[in-house]
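Trainee: I have just opened a structure that is new to me, and I would like to go through it with you piece by piece. Could you put it up for both of us?

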Amino acid sequence: IGGIGRWDDRLPVSFKPVKRRKLKRGMKMAKEKPSSTMVIKTVFIEGIAQLSYLIGDKATGKAVVIDPHRDVEVYIELARENNLSITHALETHIHADFVSGSRELVRRAGATLLLSDEGPAEWKYAFAKGDDARLLRDGFSVMIGRVKVEVLHTPGHTPEHLSFLVTDTASATEPMGLLSGDFLFVGEVGRPDLLERAANVRGSMQDAARQLFRSLQRVRDLPDFLQLWPGHGAGSACGKALGAVPQSTLGYEKRFNWAFAVHDEHEFARTVLAGQPDPPAYFAEMKRVNKAGPAILGTLPDPPRVDATMLRAVLDGGATVVDLRDASAYAEGHLVRTLSIPLNKAFPTWAGSLLRPEADLYLLGDEATAARAREAARDLALIGFDRVRGVFGEDALRRARETGAWRVTQRRPIEEWRPSRDALLIDVRAATEFAEGHLDGALNVPVATLAATASSFPADASIFVHCQAGARSAMAAAVLEAQGRNNVTDLTGGFGAWVKSGGAVVRD
């Protein structure tokens, strides 16, 4: 195996190999095969479960980054640590769940941009010509030093989607791995419904599902030994049920990934489309941004601290203030008209679902969370929310308590729920979860759509909200309170606690 060294170098110390015989006159010394100097580094963003890759050749010092996000400094630092220069930035497809960092990286590193030229005209990169991008089609190849990257058109998740076979030509004549983007994951495949459900391309999901099936048949013939390097891991909304293992082999997936076990195109389409969760609300905007061309940031935002006395003016001016504290701290007391989105690993997903990218944003927290405001601003920038104007700290919370602009969220264990004539029970889980089982009389309004729906609720109703375990209902209560609803109760423990207590369940 390239890079391990000679076989006899690894023998036990007590073993003495026999001396090599001298070569007879006229015999030629066999040429040693060049050793591998290929480098592969993986970058994982937990909040959106996104995987990007830096692949380089140390012999030539050249490197390519595949599917970079906007925090491009991480790739520049990786290249520096490995004595590499980023010469290319490469994308598998037009992303829906984060803002691409390819344009940013090309500007910073002086690299060449590589983009798909597959798919219909309406799903080609609008900025490619202006950015002097090199356009790729099926069968093309690119050399990054001695590393060969071959292009495979694998539509289905999106029409223009590309995958890439990677060969270390210094030590091999066959590819080592497949960069599969959002086409093929560990244990799952990319969802083919996003163009229709997120980008509103009517009637596209059935054709996309069939394209996905054909793409799978194409890679079925590739060698089993290929490593599989996907674009997402567990927790991503770009697939239905991604595995927690970050990488796999194509042979393993052929044996154990459900998608390879289905040999009928119609049956595959039916199965892959069934039970797909609602896509996060911000996906449609990400598609538009990444197709048109993301704005160049230069550096990631570092929002300034803002004096507590400015908080009321900020709210009165129509800006959105996001409380970053955990749900329990927010429920125990918070500033009126603020939203609760705890700064945890799910922060980007829920921020993208509950916030508007065109709104001015301010962050609020106690000293511990306010100190992490730059982290929150970075997460927001990754999904296209660039208007973070400032950060309020503990002094703003203290001032709110003193001035009476303070509210405590009503909470009650869900086991105590009893229906009444004026009570409105809102289940804020996804529609697929609701269909699998819910409380009798519950109205299903997913938390991402709650703000737009709440105006239809009776003004005098007592509103009770719940989710599966409590995280989403806490945010839902904050959304309703921010709209001026004073009669909201968060049913803690959620549907899971209700079932555990033996409560009655209705199934559609």
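**Contacts of a strand residue**

Mentor: Not counting residues up to four places away in sequence, Val322 touches Leu339, Ile341, Leu355, Tyr362, Leu363 and Leu364. Please keep in mind throughout that this is a predicted model.

Trainee: Okay, and where does Val322 lie?

Mentor: Val322 belongs to strand 15, which covers residues 320-323.

Trainee: Is Val322 buried or exposed?

Mentor: Val322 is buried, because its relative accessible area is 1%, and the cut-off for buried is under 20%.

Trainee: How many residues apart in sequence are Val322 and Ile341, and what is that in space?

Mentor: They are 19 residues apart in sequence, while their C-alpha atoms are 6.5 Å apart in space.

Trainee: Changing topic to strand 5, how many of its residues are buried?

Mentor: Strand 5, residues 112-116, is mostly covered, with four of its five residues buried.

Trainee: And which way does strand 4 run against strand 5?

Mentor: Strand 4, residues 85-90, runs parallel to strand 5, and three bridges join the two. Within that pairing, Ala89 is the residue that stands opposite Leu113 of strand 5. To get from strand 4 to strand 5 the chain passes through helix 2, residues 102-109, and this β-α-β crossover is right-handed.

Trainee: What about strand 6, in which sense does it pair with strand 5?

Mentor: Strand 6, residues 134-136, pairs with strand 5 in the parallel sense, over three bridges. There, Ser116 has Leu136 of strand 6 as its bridge partner.

Trainee: I also see an open sheet of six strands, so what is its order?

Mentor: The order of that open sheet is 7-8-9-10-13-14, and its pairing is mixed. Strand 7 (141-144) and strand 14 (248-249) stand at the edges with a single partner strand each, so one side of each has no neighbour in the sheet.

Trainee: In which sense do strand 8 and strand 9 pair?

Mentor: Strand 8, residues 147-153, and strand 9, residues 162-168, are paired in the antiparallel sense over seven bridges. As one example from this pairing, Glu150 has Leu165 in strand 9 as its bridge partner.

Trainee: Let's go to the loop between strand 3 and helix 1. What is phi of Asp67, which is found there?

Mentor: Phi of Asp67 is near 55°, which is a positive value in a residue other than glycine. Asp67 also counts as buried, because its relative accessibility is 3%.

Trainee: And Asp71, what does that one touch?

Mentor: Asp71 is placed in the loop between strand 3 (62-66) and helix 1 (73-81), and, leaving aside residues up to four places away in sequence, it touches Leu300, Arg378 and Leu382. Asp71 counts as buried too, with a relative accessibility of 15%.

Trainee: Where is Arg337, and is it buried or partly exposed?

Mentor: Arg337 is found in the loop between strand 16 (334-335) and strand 17 (339-340), and at 40% relative accessibility it counts as partly exposed. Phi of Arg337 is near 70°, again a positive value in a residue other than glycine.

Trainee: New topic, helix 8: which of its residues are buried?

Mentor: In helix 8, residues 283-292, the buried residues are Phe283, Met286, Lys287, Val289 and Asn290. Helix 3 (194-197) is included in what covers them.

Trainee: What lines the second largest cavity?

Mentor: The lining of the second largest cavity is made up of Ala327, Tyr330, Ala331, Thr409, Ala474, Ala477 and Asp490. Helix 10 (327-332) and helix 17 (471-482) each supply at least two residues of that lining, and helix 10 gives the most, with three residues.

Trainee: And by class, what does that lining have?

Mentor: By class, the lining of the second largest cavity has five nonpolar residues, one polar and one charged.

Conventions. Residues numbered from 1 in each chain as written. Predicted model: local features only at pLDDT ≥ 70, side-chain atom pairs only at ≥ 80, totals over all residues. Heavy atoms only, no water. Buried < 20%, exposed > 50% of the residue type's maximum accessible area, 1.4 Å probe, protein only. Pairing = 2+ DSSP bridges. Right-handed = clockwise from strand over helix to strand, strands pointing away. Contact = heavy atoms within 4.5 Å. 1 Å grid on protein atoms, 1.4 Å probe; cavity = no way out; pocket = protein on both sides within 12 Å on 5 of 7 lines; lining within 4 Å. Nonpolar A, V, L, I, M, F, W, Y, C, P; charged D, E, K, R; others polar.
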